[in-house]
Amino acid sequence: MTETSGVTRRGVMGGTAGLAAGAGLVLPAEEVLAQAAGGSARTVTSGPASVAAAEAAVARHAEAILRIRREVWELAELSLVEAYSFRVHLRELEAAGFRTLSVGTSGFPTAFVSEWTQGSGGPVIAFLPEYDALPGLGNAAEALQTPAASGNTNGHGCGHDMLGAGCTGAAVALKTMMQATGTPGTVRVFGCAAEEVEGAKVYFVRDGLFRDVDASIAFHPAPYAITGEISTAALAAINVRFSGRTAHAGNTPWDGRSALKGAELFGAGMQFMREHVRPTTRIHYIYEQTGVAPNIVPDFAQVWLTIRAADAPAVSELVAWARDVAAGAGLMTQTQAEFQVYYGMTELVPNLPMIGLAQAHMQARPPAWTEAEQTFARGCQREMRLPETGLATEVLPPLPLTRVGGSSDLGDVSKVTPLGVFGWPTVGMGTSLHTWAVTACGGTSIGDRASLDTARIMAGMGYDLMTNPALREAAKADLARRVAAAPYVPLLPPEMREPRGVPAWLRKTGLDDFVATENRL
Ligand SMILES: [Zn+2]
């Protein structure tokens, strides 16, 4: 948290946080837009009727969208303590006429819900901005791995600066489109804190906040423009703690019972499980605490375990098995094993009508880049020893059902509301997320352009959903059909009322006190 020093609350709240010095690709909003519209060889096809209106609405809010993108990139705050970043979103939403319904939502001090309504009885469409950064991925907006000028070692290596700016930007643009046509409906923005650790969306769903939502829309930064039947894995996050009895390891080892031995046998047991699980299963763990010195029998050890599988029931079965493994390891070592599932996410349920909708709006304006941006992306690829292919300029055809090994808290959302989600290029092709190159590209006009493009795509999707009841019904029918085969079973344990990683000072102080404390970070 101390890494964010140098960015003052005044800067954030005033909307003029300093931009990265030396970021050669930082341009005024009009210039980013002018280039996007006609500067490079973009293939413009007509697409859905709402495309042009979405484009105009995003142009009107371009300054606000770029403020969010740039300030959140500069802040680069870690999960659960994104205390200034979420305020950047709320500031722009409130300025655009949205009402803040909740702050500190579902036990997350940095989560929020904001909405705007016109008329009554209209549909509710949700947007899902995220804004947390990753440790160790701070980077200057330069095409090489080098620290940010601010000294902040955290960085947006997953591109949540762009993700957030695109989603919140889409919400304000959609409001403008609805006002122009007198369309009734509610635009709701969920401030999705802590996606990288214990993502808030799972708690929102558990707490019923999506009960009245007709459809949800999100995008994720990616190396490609792509959507399709992509399903992320279900996941359980677990702590296993072994308690033993300490003793002098030389003089009286027989008086001791090593918690570390319990943890080691647990690890061995998990390894033996591997042969007998499906290929879609992932088991990964680390030894978090193991003891302090070899001549002291460790009386405490802790393992941090993640289990992933194709769906929630499969994860639940594996969790039950792992619980038995822990108990067995405790028995064998005469230590106490405590097994705590503290978080979980379901698999993502793709939705065909929403995929078609996203595809249409993506294809209407495929990604287009300036030569300087292509050179920048190729420079990052060269540094990462990847083929120097630059940024994607094509929208790929929708993927058939594809199960990926990673997980997302969008999974739980997709189980209770039709979800439209797509990837949009923000980094050179073939580049992994969670790398410095994503931070670097995001800090330039590549990130600006991606935020504006995705805001346009999602505002158009939102408008079509608001105005087309048949589309909403088709999306709901697709969801109903899919969850009939796999009903929603939350993997978040019911006793969890807040994420375990909220720092005590943030919880105790309360957010308003916290925000009032100027120099807390
Ligand atoms: Zn991400």
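**Figure 1. Overall chain of the predicted model.** Of the contacts (heavy atoms within 4.5 Å) in the protein chain between residues at least 6 apart in sequence, 82% join residues at least 24 apart. This is a predicted model, in which local features need pLDDT of at least 70 and side-chain atom pairs count only at pLDDT 80 or more, while totals for chains, interfaces and linings use all residues. Residues are numbered from 1 along each chain as its sequence is written, and side-chain values use heavy atoms, with hydrogens and water left out. The protein chain has 17 helices and 12 strands; these are DSSP runs numbered from the N terminus, helices being H or I with at least four residues and strands E with at least two. Of its 521 residues, 58% count as buried, where buried means under 20% relative accessible area, exposed over 50% and partly exposed in between (1.4 Å probe, protein chains only). The accessible surface comes to about 19900 Å², with 55% belonging to carbon and sulfur atoms; areas come from the Shrake-Rupley method with a 1.4 Å probe, and for residues only the protein chains shown count as cover.

**Figure 2. Zinc site.** Cys158 (SG), His160 (NE2) and His220 (NE2) coordinate the zinc ion at 2.1 to 2.3 Å. The spacing of these donor residues in sequence is C-x1-H-x59-H. His160 belongs to helix H6 (residues 160-181) and His220 to strand S5 (residues 215-222), so the pair ties together parts 60 residues apart in sequence. His160 is buried, its relative accessible area being 0%. Donors are N, O and S atoms within 2.8 Å of the metal (3.2 Å for Na, K and Ca); water is not among the atoms, so sites may look incomplete.

**Figure 3. Packing of helices H14 and H15.** Helix H14 (residues 445-467) packs against helix H15 (residues 469-485) at an angle of about 100 degrees, with the axes 5 Å apart. H14 is therefore roughly perpendicular to H15 (65 to 115 degrees; under 35 is roughly parallel, over 145 roughly antiparallel, the rest oblique). Axes are lines fitted to C-alpha atoms, for helices over the stretch in contact, and angles run from 0 to 180 degrees between N-to-C directions. H14 contributes Asp464, Leu465, Met466 and Thr467 to the contact, and H15 contributes Pro469, Leu471 and Arg472.

**Figure 4. Surroundings of Ala234.** Ala234 is in strand S7 (residues 234-243) and counts as buried at 0% relative accessibility. Leaving out residues up to four places away in sequence, Ala234 touches residues including Ile307, Asp311, Met345, Ser407 and Leu491. The C-alpha atoms of Ala234 and Thr281, 47 residues apart along the chain, are separated by 9.5 Å.
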